[in-house]
Amino acid sequence: MRKITMALSAVCLLFTLNNPVVARASSPSPVYPGTNVARLAEQAPVHWVSVAQIENSLLGRPPMAVGFDIDDTVLFSSPGFWRGQKIYSPGSEAYLKNPAFWQKMNNGWDEFSIPKEVARTLTTMHIKRGDSIYFVTGRSQTRTETVSKTLQDDFLIPAANMNPVIFAGDKPGQNAKTVWLQKKNIRMFYGDSDNDIAAAREVGVRGIRVLRASNSTYQPLPMAGKFGEEVIVNSEY
């Protein structure tokens with residue numbers, strides 16, 4: 001009897017393995033959808049440039065005023081913003097309207113910000129050219145600030161090239177940076193946000209996009225190149 005039972009079990013197993021309908025029914029669904037070479041090769045129609053190409057485009061041009069946004073453009077400053085939200089408004093963006101947060105952020109919390117390598121390369125290039133460097137930020141102005149010194153130290157900017165940080169603030173219904181780009185006669189402006197590129201375009205300034213790091217607290221990530229602007233390769237760090 002035992003031999004008959006074993007024989008029947010073997011027959012059933014053989015039937016299961018050779019029956020595609022049964023086999024498919026018992027197979028788990030694929031975890032990943034997979035990809036193909038066409039998808040891997042697909043690239044967005046973006047005007048990519050390198051720092052070397054930007055430098056080459058400036059050959060023969062006299063020194064000029066150039067501007068940089070700060071957060072996610074020259075500094076990965078998410079640690080300070082992350083801390084500010086946890087302290088002043090957990091789960092909401094209300095901390096960005098709190099003067100106490102900005103006083104902290106503008107007076108020491110950038111010691112936890114990481115200078116971006118693309119910013120080191122860009123500032124070095126512009127210093128070599130003799131350009132005057134401005135930092136124009138959407139941060140709120142505070143009674144005191146150490147951001148200017150932090151940036152000068154981080155990027156080794158000589159006093160002759162360095163200007164105090166301009167705190168343009170956030171003014172509803174208007175792009176506060178445009179006024180400063182015009183006032184300081186800034187001819188090139190680097191930024192990670194749509195607001196930065198829009199400000200440059202509005203006043204006829206060459207706006208160049210720097211990629212925002214994917215782990216930035218400033219979400220959602222902007223769509224680089226959406227205005228047809230130049231976008232710096234490998235500029236997320």
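1. G204 counts as exposed, with a relative accessibility of 52%. The cut-offs are over 50% for exposed, under 20% relative accessible area for buried, and partly exposed in between (1.4 Å probe, protein chains only). G204 sits in the loop between α10 and β8. Its C-alpha atom is separated by 8.2 Å from that of R187, 17 residues apart along the chain.

2. Before going on, a word on what we're looking at. This is a predicted model, in which local features need pLDDT of at least 70 and side-chain atom pairs count only at pLDDT 80 or more, while totals for chains, interfaces and linings use all residues. Residues are numbered from 1 along each chain as its sequence is written, and side-chain values use heavy atoms, with hydrogens and water left out. Helices (H or I, at least four residues) and strands (E, at least two) are DSSP runs, numbered from the N terminus.

3. On confidence: pLDDT is the predictor's confidence in each residue, from 0 to 100. The chain averages 90, and 88% of the residues score at least 70. Residues 1-18 fall below 50, and beyond near neighbours in sequence this stretch has two contacts in the model; contact means heavy atoms within 4.5 Å. Residues 20-25 are also below 50, again with two contacts beyond near neighbours in sequence. I'd read both stretches with those scores in view.

4. Now the sheet. Seven strands form an open sheet in the order β1-β9-β8-β7-β2-β5-β6, with parallel pairing. At the edges stand β1 (47-49) and β6 (166-167); each has a single partner strand, so one side of each lacks a neighbour in the sheet. Strands count as paired if DSSP finds at least two bridges between them.

5. Some of the pairings in detail. β1 and β9 (residues 230-232) run parallel and are joined by three bridges, with H47 partnered by E230. E230 is also the bridge partner of I208, and β8 and β9, running parallel, share two bridges. Between β7 and β8 there are four bridges, in the parallel sense; M188 has R206 as its partner in β8.

6. How does α10 sit relative to β8? Helix α10 (residues 194-202) lies across β7 (186-191) and β8 (206-209), and runs at about 165 degrees to β8. For that angle, axes are lines fitted to C-alpha atoms, for helices over the stretch in contact, and angles run from 0 to 180 degrees between N-to-C directions. Together, β7, α10 and β8 make a right-handed β-α-β unit. Right-handed here means that, with the strands pointing away from the viewer, the path from the first strand over the helix to the second runs clockwise.

7. Which residues of α5 are buried? In this helix (residues 78-88), they are S78, G80, F81, G84 and Q85. They cover an arc of only 160 degrees around the axis, which puts them on the same side of α5; the arc is that of the directions from the helix axis to the C-beta atoms. An α-helix has 3.6 residues a turn, so residues three or four places apart point the same way. The face turned away from the buried side of α5 carries the exposed W82 and K86. Cover for the buried residues includes β3 (75-76) and α6 (99-105).

8. Helix α8 (residues 147-154) can be read in a similar manner. V147, S148, T150 and L151 are its buried residues. Their arc around the axis is only 165 degrees, which puts them on the same side of α8. They pack against β3, β5 (132-137) and β6. After α8 comes L156, with a positive phi near 50 degrees.

9. Q103 is buried, with a relative accessible area of 18%. Leaving out residues up to four places away in sequence, Q103 touches T142, R143 and T144.

10. Finally, some backbone details to check by eye. D72, in the loop between β2 (65-68) and β3, is not a glycine but has a positive phi, near 70 degrees. D72 is buried, at 4% relative accessibility. N234, in the segment after β9, has a positive phi too, about 55 degrees, although it is not a glycine.
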